[in-house]
Amino acid sequence: MVKHQPLQVYEKQVFVSFVTGIYGCRWKRYQRSQDDSSRWECTWFVILCSSFLLLLFWAYFWLVAQNDFNEFNWLVYNRSGEWRDETIPILASTTVGFSYITFLLILALFHISLGQQLNLYWVHKIGVLATLLTTISGVISVDDIWGDEWDILLLSLQSTAPFLHIGALVTVTAISWLVAGYVVRRERSNFQVMMLLIYMVILLAVYLAPLTFTCPCIMDRHSLRPRPEIIGRRGAPMLAPENTMVSFNRALQYGSSSLEADITISVDGVPFLMRDRTLKRTTDVRKVFPVRQYDDASFFNWTEIRSLNAGQWFLESDPYWTVGSLTARDRSRIGNQTVCSLVEMLRLVARANGSALLNVRRPPPEHPRYRSWFMDTLWAVQKAGITQKRVRTVTWTPDTDRGRVRGLLQTANEKLSVEEMRQRGITSLTLHYSKASHKDLQEYLANNVSVTVYPVNEGWLYSILWCSGVPSVSSDAPQVLRKVPYPIWLMSRKAYDFIWITSDLVSFAVVVGIFSFQKWRMRGMQNYNPEQIMLSAVARRSSREVNIMKEKLIFSELNNGLSSTEELCLYPENGYATYTHGELSH
């Protein structure tokens, strides 16, 4: 009776060497193992998966937060005093970190699918920890500086949830191959049962997730309201310096029906356009009045303000990476811009037969125009020759001043109930998109309240608000919204229900098929009789595509040893060798 171990035939495993070499620096065959991974390496795999999920969340946040990059840079400027595009290093580091962690995770999953032992190289462990800690510090910093921006995540799901659901379905369906391969092993353990239960819970949650979706664009096409009007917020500040005549003209050219501006009152009572508290960022005040560059803009008189250049900063800093697309004539016009007065802006609106939305900043108490600022603004409106009903004003405070301004349409920039609006004589609202829920918008529209939502700079957000019935939006990028003649996606409830139910059923069928196949495959391996193996070796070929290593041929005697008639043959030309009476012949 002969007891033998199958002859091992080794072939070049380039792919396995690549996977194990990059992941664990195990390039040689003898460095690899198919034993179960240690708990320490399993812990690192969990850390790797956690880093991937956190970076996925982080990358998605910055993807949808593109709508507010201008607001983020402005907040950073108010803290640091220097204007820089802080989103560039954040996006660059996020892209590098996400690509690196995703690549390592893919290699880890290949290890599992190939049955290789996990052994993350120490350099990668340092890289994973550094990426994880950097991302966590980034999340904490954003929460401190820009905490209100987290609201955009829930709002974005109104547009992306149906597509994220399909992606999640594909992912959990693909992972079923690895889960099934692990839980159908002969050995049974509590950990296997726990893994199976966790997977089934996740799978069920993904299947039922569409029941929680609130997507305004899942509606009947015939119920779609007219396209929201676009208000040029400070003109078109991505194409020209904000709050300048060139910027307002660009906004009108790109289809804006109204213009929005920030109003400050000079020390001699002239309303002019300025967003910041100081003149430092958007003018050359540090050159003309270096001692006063940090002074409040309202403490300059109009002659001093008019002497400042309000366009050169745009060409030098290129805040939106658009200067390179400007013609020489456009650059010349921008470079000669001065601070714009309210009268000039309103006259442009009147010629364009549009309307204006004014955000008036009340001067500080020590300002000489502190009590007459609203009259100065009203005087500018009258001087411009524009109908007062085409001018809306925001932030007229306190309410006692609101009643003194007659003829101008008054709007509030805070969320109010319909009853409060009637009591305070307000006819419209200007709300940040994070405060304009779909339910509230429907209530306002049902009570004939005009709502303007700001800032809306991305097509997906514009589409959501369009489907919600918003009559107008305020945008820093009218040139972008002009390219959205129809909601990005729109489908009926019946069509969407059919899509997600069908997708769930297909996924379920694939998962059941994978588990059944893995179980059948494992059962075949368990029923395999080693004594039925015919030892074979690959004959040498001139191409040398396959390297043959005859590593082991072990014989052992059972009972009283081998009989004289027992022999084992292995012929090189046929893949066999011959053993007779304890001798091996070739």
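Aspartate 262 sits in strand 3, which covers residues 258-265, and the model in which it is seen here is a predicted one. With a relative accessible area of 11%, aspartate 262 is buried, because buried is taken to mean under 20% relative accessible area. Its side chain makes a polar contact, at 2.5 Å, with the side chain of arginine 234. Leaving aside residues up to four places away in sequence, aspartate 262 touches Arg234, Asn243, Phe272, Leu273, Met274, Arg275 and Asn359.

Several of these names return when one turns to the cavities, of which a search of the whole structure finds two of 30 Å³ or more. The largest cavity, with a volume of about 70 Å³, is lined by Glu242, Asn243, Thr244, Leu273, Met274, Arg275, Thr282, Ala310 and Val339. By class, this lining divides into four nonpolar, three polar and two charged residues.

The second largest cavity holds about 40 Å³ of space, and its lining has five nonpolar and four polar residues but no charged ones. Helix 6 (151-183), helix 17 (438-446) and helix 18 (459-468) each supply at least two residues of this lining, and helix 18 gives the most, with three. Among the lining residues are Leu155, Gln158, His438, Leu441, Ile464, Leu465 and Ser468.

Elsewhere in the chain, helix 3 (residues 69-80) and helix 4 (residues 87-114) have axes that come within 10 Å and cross at roughly 115°. Where they meet, helix 3 contributes Phe69, Phe72 and Asn73, and helix 4 contributes Thr87, Ile90 and Leu91. This contact between helix 3 and helix 4 comprises four nonpolar and two polar residues, with no charged residues.

Technical notes. Residues numbered from 1 in each chain as written. Predicted model: local features only at pLDDT ≥ 70, side-chain atom pairs only at ≥ 80, totals over all residues. Heavy atoms only, no water. Helix = DSSP H or I, 4+ residues; strand = E, 2+ residues; numbered from the N terminus. Buried < 20%, exposed > 50% of the residue type's maximum accessible area, 1.4 Å probe, protein only. Polar contact = N/O pair within 3.5 Å; in protein donor to acceptor, adjacent residues only side chain to side chain. Contact = heavy atoms within 4.5 Å. Axes fitted to C-alpha atoms, helices over the stretch in contact; angles between N-to-C directions. Nonpolar A, V, L, I, M, F, W, Y, C, P; charged D, E, K, R; others polar. 1 Å grid on protein atoms, 1.4 Å probe; cavity = no way out; pocket = protein on both sides within 12 Å on 5 of 7 lines; lining within 4 Å. Points joined across faces, edges and corners; volume = space filled by probe spheres on them.
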